[in-house]
Amino acid sequence: MTGDLPQLLINGLLAGTQLAVPAIGFTTIFAVLRFPSFAIASHATIGAYAGYIANVWLGLPAGVALLAAFIVAGLFGVATDEIALRRLRTSGPLTVAIASVALTIVLENLVRFGFGNDQRGYALAVLRDWRVDLGALGMVRIGPQQVQNAGAAAVAMGLLFLFLGFTRTGKMMRAVADNPMLASLKGIDADRVAQLANFIGMGLAGFGGMLVAMDTAVDPLTGFRVMLSIFAAAVVGGLGSIPGAVLGAFVVGVGEEFSIILLDPTYRTAVGFLAILIVLSFRPRGLLGERAI
Amino acid sequence: MTLRTSRRAALLGGLAAPFVSRLAAAQTGPIRLGTLTPQTGAGGPYGPAMVKVAQALVGEINAAGGVAGRRIELVSEDDETNPDAGVRAARKLIDVEKVSAIIGTWASAVTTAVAPLCWENKVMLFTVSGADSITKLPHQGYIIRTQPNTYLQSATAAKYLASTGAKTVFALSAQTPFAVDSYNRLSDVLAQGGAKAVGDVIYDASKTSFRSEIDQALKTKPDALFLNSYTPDLAVILRELFRAGYEGRKFTFGYAANAKLLDTVGAEVAEGLISFSPSPDLDSPAFAKVRAILGAEPDPYSCQVHDHISLAALAIGKAGAGTGTAIHDNLRAIGDAAGTKITSAVEGLKLLAAGKAVNFEGASGPCKFTPAGDIEGCRFRFDVAEKGKYRLLSLI
């Protein structure tokens, strides 16, 4: 089994990049709004459908469809927050978190109402894997599509870092995340920043949702299926920390793959949550701690 | 006060009257059969056709003089593909309508919930549900199932795989209550056919990638893969098999390999996928009748309901009595191998009235049952995906 390690590592890293994008979205919303938004699941699904409409109905290439997934899911995120969640924020994070679960189920069913339960696929050719000879380590196979997806994920993450690090608006967001009280004293409009956080967070969820759907299929449960792993990644890395979400995604992705050496694949999901328990036992604020946005 | 009492008595008497007359009528009046099918919920696409077939068939039997000198009256209820609603409807059928048999329960959860009511009240239950556990209930012979269970389906799959010349078979199974049983049966029957089950991975179907699971399977270099999957995970697995360059046989269940799957994964990825499913007896006159009733290509469940009504009517004809117990006691006698082969209830009832033995074979196939109430065998169809379409390979 140890001979499989290189292949399992590659599989895990590729799974991790896919998980990282929506995990960043989740953690961004947490950093600014201080509640775990489980509505990320339905927004990932909405992104996958937006990408489907762009790619299949309108015939646009995958790259443009990913952009459409980001924008549509982001706009939905702002709208649903405005309608359903915003007024509840004064009642505490638990209330908003529960409402976000309700919201995600409502949205999922709206998607089902509009598109039906059927699976759909993108108009993309499925490519054969590359085979790479690592000499003593054996052969590994790498999927061109997964590498492309990982590249798209890396670009999205890179742009977000640039935005947060070097633009005025990005710095405003970080200020609110760091200390909302101080930020408001400095005259930063908290509502605008909240909207922006929702747009970026849910947009990334939609982007990640489409990446997942490119590998699987577009259906009303696309986002729900990865929700638990996204949550695990964000918590392991440290809720509210963007580098933490990336690290957490790799820990969960690689951990789930490596677990196959010892455990039956049936228990893969449990590994992510075992990781949460172990990490939180030793580092209650996650691997990188919170508020490192 | 006296006025009120007498008024109440009159009211009660008035309310009770229909029940009294109905009770009296139960001995000489029509024989009641109930259908309990899903008109709504997940089974909603199937229920209406099932009822339509039942009504047409009962009409035909009544037009030919009924059964044992009595008319059959059909009472149809909706189980909403929901055990709660199913139990309420079954209570009505049994307690109020006094049916001798309940026909057509579709979802395994509904059948499991309704079954105890049936056997406790000695009402025969005919079902199209597939879960193995159903016929393992302590039903004292009051359940008959025309849908093949996992055990029979796995054996059929194994026989087919061995017949294609596959020597080694690896199973990739979604985590379901029947995954382990299914693999064990597959492995036993493969061994009888000179082939071998070389391994089994039970995966978590909610995952979005199965690369490592597939690596495990492909390491054994199997001649064939048995994909015990549902459509969403099958789509992922087929893509990953294609990427991995797997060229061996791919075999799965018909319910997973539907038309949507081909749209989702595309023709190239699905190419060569063989799927199998229980099939009605496409050449049978009974099948042709169901097709004529529906005016469309029948689904397996409508065909099975045709057989349920026929079996119940023939058993009543054989017994000369219309109770659930009469159906229970005579059901197997109408599949008498020495009797005249018949495919319609009307034809059979005439022979039975003349004191002759009959051997009923219906739209779903030969209706022979094990002591537990499972169908002994049925037809299966095998389809292969070619250039984005399914083509019928064979019917066995």
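Which residue in strand 15 of chain B does Phe382(B) stand opposite?

Reply: Phe382(B) stands opposite Ser394(B) of strand 15 of chain B. The model is a predicted one, in which local features need pLDDT of at least 70 and side-chain atom pairs count only at pLDDT 80 or more, while totals for chains, interfaces and linings use all residues. Residues are numbered from 1 along each chain as its sequence is written, and chains are lettered from A and ligands numbered from 1 in the order in which they are written.

The residue pair belongs to the antiparallel pairing of strand 14 (residues 379–386) with strand 15 of chain B, which extends over 6 bridges. Helices (H or I, at least four residues) and strands (E, at least two) are DSSP runs numbered from the N terminus, and two strands pair if DSSP finds at least two bridges between them. Both strands belong to an open sheet of 7 strands in chain B, with the order 7-6-8-9-10-14-15 and mixed pairing. Strand 7 (196–203) and strand 15 (389–395) of chain B are its edge strands, each pairing on one side only. From one strand to the next, the twist averages 25°; angles run from 0 to 180 degrees between N-to-C directions, and axes are lines fitted to C-alpha atoms, for helices over the stretch in contact. Helix 6 (residues 179–192) of chain B lies across strand 6 (168–174), strand 7 and strand 8 (224–228) of chain B, at about 170° to strand 7 of chain B. Residues are in contact if their C-beta atoms, placed from the backbone, lie within 7 Å.

Chain B also has an open sheet of 5 strands, with the order 2-1-3-4-5 and parallel pairing. Strand 2 (72–78) and strand 5 (143–145) of chain B each have a single partner strand, so one side of each is left without a neighbour in the sheet. Here the twist averages 20° from one strand to the next. Strand 1 (residues 31–37) of chain B pairs with strand 2 of chain B in the parallel sense over 7 bridges, and Gly34(B) stands opposite Val75(B) of strand 2. Helix 2 (residues 47–63) of chain B packs on this sheet, touching strand 1, strand 2 and strand 3 (101–105) of chain B, and its direction makes about 170° with that of strand 2 of chain B.

Further along the sheet, strand 3 and strand 4 of chain B run parallel, joined by 4 bridges, with Ile103(B) opposite Phe126(B) of strand 4. From strand 4 (residues 124–127) of chain B, Met124(B) and Phe126(B) point one way, Leu125(B) and Thr127(B) point the other way, and all are buried. A residue is buried if 20 or more other C-beta atoms, placed from the backbone, lie within 10 Å of its own, exposed if 12 or fewer do, and partly exposed in between.

Chain B as a whole contains 14 helices and 15 strands, and 52% of its 396 residues count as buried. Its C-alpha trace spans about 90 × 55 × 40 Å along the principal axes. Among contacts in chain B between residues at least 6 apart in sequence, 65% join residues at least 24 apart.

A nonpolar core is a set of buried Ala, Val, Leu, Ile, Met, Phe, Trp, Tyr and Cys residues joined through C-beta atoms within 7 Å. The largest such core has 142 residues, of which Ala69(A) and Leu161(B) touch the most other members. Helix 8 of chain A gives the most to this core, with 15 residues. A second, separate core of 64 residues includes Val53(B), Ala319(B), Leu331(B) and Val358(B). In helix 8 of chain A, 22 of the 26 residues are buried, so this helix is largely enclosed by the rest of the structure.

Between the chains, 29 residues of chain A are in contact with 29 residues of chain B. On the side of chain A that touches chain B, helix 1 (5–33), helix 8 (190–215), helix 9 (222–237), helix 10 (242–262) and helix 11 (268–282) of chain A each supply at least two residues. The largest share of this side, 4 residues, comes from helix 1 of chain A.

Conventions
Contact = placed C-beta atoms within 7 Å.
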